[in-house]
Amino acid sequence: MQAVRFALVAARSLTQIRVLPGRSLTRAFAVSRVLRADDDAPTVRRSVGSPSSYQFNHKMRQLLDEKKYNEMWAVLDDMKAQGIKEDVYTYNVVLKAWMLQAKVENALAVFAELESTGVQPDHVTYTTVLAACVRGQKYEAALELFQKMLKTNVPPTDVTIAVVMQAAAQLGNTSQCVELLKMLPKLKLKPTPAMFQHLI
């Protein structure tokens, strides 16, 4: 009976692990321990191709969650000193650190650096910079960045739309908020309370 119970638990765990093409099941178990049920998860999976960068990225994310920014910067410096290139997840962690501190100019500078290196930003990248712009009251910059996101075919999420609607609302652009809501079906997204609060 105990063996049957163990098999059921193991099977249930396997259904929660998405094995990437070319990855071993052992590697998938290692990745599953650090995946988060949030927008960062897809980017974490992309970074596992380089174990060294993955190690630094994971440590930086832990320090970010603890708001230990100085220690996080030290890890980033160590990463660069060892000649390990930043990937999109590295940049996303750095951008979130600046966003949480409302350092919009720093976030925009990091985004520009990311583009100059050829690293492809994802929806987490754009949404984080957009949120930094809103926190820093750079509403027009947020709207311009959103248009760039659409032109580069990076699909926005419902969180992205809510942030952009907040920027538009702060500029008194209610019509753009309505247009954003009209985009939802095409994007296969559903309205959220966070979106409608900007129309009140």
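The exercises below concern the helices and surface of one predicted model. In this predicted model, local features need pLDDT of at least 70 and side-chain atom pairs count only at pLDDT 80 or more, while totals for chains, interfaces and linings use all residues. Residues are numbered from 1 along each chain as its sequence is written, and side-chain values use heavy atoms, with hydrogens and water left out.

**Exercise 1.** State how many helices and strands the chain has.

*Solution.* Helices are DSSP runs of H or I with at least four residues, and strands are runs of E with at least two, numbered from the N terminus. By this rule the chain has twelve helices and zero strands.

**Exercise 2.** Determine whether the span of helix α7 agrees with its number of residues.

*Solution.* Step one: the expected span is 1.5 Å times one less than the number of residues. Step two: for the 14 residues of α7 (residues 104-117), this should give 20 Å. Step three: the end C-alpha atoms are 20 Å apart, which agrees.

**Exercise 3.** Identify the buried residues of α7 and what covers them.

*Solution.* Buried means under 20% relative accessible area (1.4 Å probe, protein chains only). The buried residues of α7 are Val 104, Ala 107, Val 110, Phe 111 and Leu 114. They lie on the same side of α7, because they cover an arc of only 125° around the axis, taken from the directions from the helix axis to the C-beta atoms. Their cover includes α6 (88-100), α8 (123-135) and α9 (139-151), where contact means heavy atoms within 4.5 Å.

Conventions. Buried means under 20% relative accessible area, exposed over 50%, partly exposed in between (1.4 Å probe, protein chains only).
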